[in-house]
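Have the structure open as you read along.

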Amino acid sequence: MAVRVLWDALAASIDRLTLAGWIQIISAIGAVAAAIAGASAARSGRGAARTAAKQLPELQKQVEINAAQAKAADEQVVLAQEMLKAATAAVREAARARTDERAPLVVALLEAPQWPPLIDATRDRMPYGNELRLLDHRSVAQAEAASPERLFARNGERNGLMWFQTRGVLINEGATTARVRLDDEAQFVEATTARRERLLRPGEVARFEWGAGHTIAEWADAREKPDPPNPLGACFLTITVFDSFEQGIFDHIHVVMSGRPIVSVDDSFDEVRLASREPEAEMGVTVFPTRRTYRSDGPRRDPLPWDGTYAAWWKERGRRATKPA
């Protein structure tokens, strides 16, 4: 309607229009066209908005459905993983059970440490790998039995090695032959070519002996500084057992001999001595439950059974725990 009125007015006065007038008329026509286009776009926008408003609940519902489906899929994945884990564990346990049926089972029994201990003034530590072993008859011959009557001052007299000897037996209660290996300071009593390794048939018993100790100064430190638990009052042994074919298992039998055999001398700050009686020394031997490793499981590095006991002491001195078996 507005355009028709504008056009009639233009026709009545067209012969009197100047250039400026023409420019104004053209501008007005453009403004009217723009207004008409804007109104049309607004009407289209309102229609689109009404359509979107109608579709929005459906879209939200679809989003919720998709989220629920995704959650259900995740739960199915977790369930499948748990089922796979359970099935794998069942297969592993079945394989272990079959291995156990044909594997050796070696049990260790040890006596209390022999009393009194021995003192070797020629040693100031346990022997290294290329040195004379502690249980060699020459080492035993050069040592002397410790006596509560002898006093040790805080000087070089405490550098001697005071060591204990204990004996034990290994019994193969399994169904197959075992190959047994002892640590360096343990050996089988029966004369064999290899004093620290031998085969043990089902039902067979093998006697062995073990010697270990610390310097007198270290034993005294264990008595004077018991907290946190002090490994200078303990000696460690590991016995390793293999099945005869070395295909199924290997076991570790861990043993600790510990106590506080050195005591302070009454009314003396500088001197210590051996405990007068064996109970006072609190010496004892602990055999930990056998740790079995299945070769099918691959290698692993479990902490040794005494690591937790002495961890605080080792940490204070910046040392790591003993090497895992």
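This model is predicted, and it holds 15 salt bridges when side-chain nitrogens of Lys or Arg within 4 Å of a carboxyl oxygen of Asp or Glu are counted.

**R179 and E197**
- R179 and E197 form a salt bridge with an N to O distance of 2.5 Å.
- R179 belongs to strand β6 (residues 178-181) and E197 to strand β8 (residues 197-200), so this bridge ties together parts that are 18 residues apart in sequence.
- R179 counts as buried because its relative accessibility is 15%, under the 20% cut-off.
- E197 has 29% relative accessibility and therefore counts as partly exposed.

**E190 and R207**
- The side chains of E190 and R207 also meet in a salt bridge, at 3.7 Å from N to O.
- E190 sits in the loop between β7 (186-188) and β8, while R207 is in strand β9 (residues 205-215), and the two are 17 residues apart.
- Both ends are partly exposed: E190 has a relative accessible area of 29%, and R207 has one of 41%.

**R292 and D251**
- In the salt bridge between R292 and D251, the closest N and O atoms are 2.8 Å apart.
- Because R292 lies in strand β15 (residues 291-294) and D251 in strand β11 (residues 249-258), the pair ties together parts 41 residues apart in sequence.
- Here R292 and D251 are both buried.

Notes
Residues are numbered from 1 along each chain as its sequence is written. This is a predicted model: local features need pLDDT of at least 70, side-chain atom pairs count only at pLDDT 80 or more; totals for chains, interfaces and linings use all residues. Side-chain values use heavy atoms; hydrogens and water are left out. Helices (H or I, at least four residues) and strands (E, at least two) are DSSP runs, numbered from the N terminus. Buried means under 20% relative accessible area, exposed over 50%, partly exposed in between (1.4 Å probe, protein chains only).
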